Amino acid sequence: MIHVLTLAYLVPRETVTAHLPEHRAWLREHADQGRILLSGPRPEGGAVIVTADLDEAVVRELIESDPWHRLGIASYERIGFEGRGVSPGVVTAAEPDDGVLLINVATTDDASASVDALASAVEHVAATADGFQGSRLLTSVDGDAIVNLAAWADQKRFDAIFDDPEFTRRYQAFAATTTGAKYRLYRTSRVISPNR
């Protein structure tokens, strides 16, 4: 389950600030290990942390290891939910899994036509393919290239789309709009979070 952790400060702001460096080090450690996806302060006070897909025991250990929790600086409220929808490029698994990320880069003289043609192929996949987790189509600022980021549960289910004649037809129509296209599949090797 994905967990949204809401922190409420239990001490004056000066105490929170005095212990901010060790809390930030804790956040960075767990973000780099893939356990924490997002974190930040709330305008009205306190903070929010969004975890990766973790079980209850791991979330309890995570909370208990926070210096702010151990020192009584902040209390935690937790809401868990099943993360079924995810934007491509966001990895919710704390540990490496079989998931793959497709990065398809195409050069083009007509970015709009290429995006429309590729969108047709991806929309077909979204409606029919098992293991497809979402796609994001990007256009270069110069308008001479497009990129497709698509998340898949595993390589086997990605490979299966090429057995679908309708997908193949649509993908060939997309390729005809490009001056070159090449895709690769990637797996997460390491996660590095912003150090701020």
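What radius of gyration does the protein chain have, beside that of a compact globule of 196 residues?

**Figure 1. Overall dimensions of the predicted protein chain.** The protein chain has a radius of gyration of 21 Å, whereas a compact globule of 196 residues would have one near 16 Å; the radius is taken over C-alpha atoms, and the globule rule is 2.2 Å times the number of residues to the power 0.38. Along its principal axes the C-alpha trace spans about 65 × 35 × 25 Å. The chain holds 7 helices and 8 strands, which are DSSP runs numbered from the N terminus (helices H or I, at least four residues; strands E, at least two). This is a predicted model, in which local features need pLDDT of at least 70 and side-chain atom pairs count only at pLDDT 80 or more, while totals for chains, interfaces and linings use all residues. Residues are numbered from 1 along each chain as its sequence is written, and side-chain values use heavy atoms, with hydrogens and water left out.

**Figure 2. The largest nonpolar core, with Trp152 and Phe174.** This core has 18 residues, and Trp152 and Phe174 have the most contacts inside it; a nonpolar core is a set of buried Ala, Val, Leu, Ile, Met, Phe, Trp, Tyr and Cys residues joined through side-chain atoms within 4.5 Å. Two or more residues each come from strand E5 (100–108), helix H5 (111–128), strand E7 (145–152) and helix H7 (165–175), and H5 gives the most, with 6 residues. Leaving aside neighbours within four places in sequence, Phe174 is in contact (heavy atoms within 4.5 Å) with Asn104, Ala106, Ser114, Ala117, Leu118, Ile146 and Ala181. Apart from this core lies another, of 17 residues, among them Val16, Leu54, Leu62 and Trp68.

**Figure 3. Thr15 in helix H1.** Thr15 has its place in helix H1 (residues 13–18) and is partly exposed, with a relative accessible area of 29%; buried means under 20% relative accessible area, exposed over 50%, and partly exposed in between (1.4 Å probe, protein chains only). Although Thr15 and Trp68 are 53 residues apart in sequence, they are 10.0 Å apart in space, C-alpha to C-alpha.

**Figure 4. Asp130 in the loop between H5 and strand E6.** Asp130 lies in the loop that joins H5 and strand E6 (132–139), and it is exposed because its relative accessible area is 56%. Asp130 touches Trp152 and Arg157, not counting residues up to four places away in sequence. Asp130 and Ala160, 30 residues apart in sequence, are 8.9 Å apart in space, C-alpha to C-alpha.
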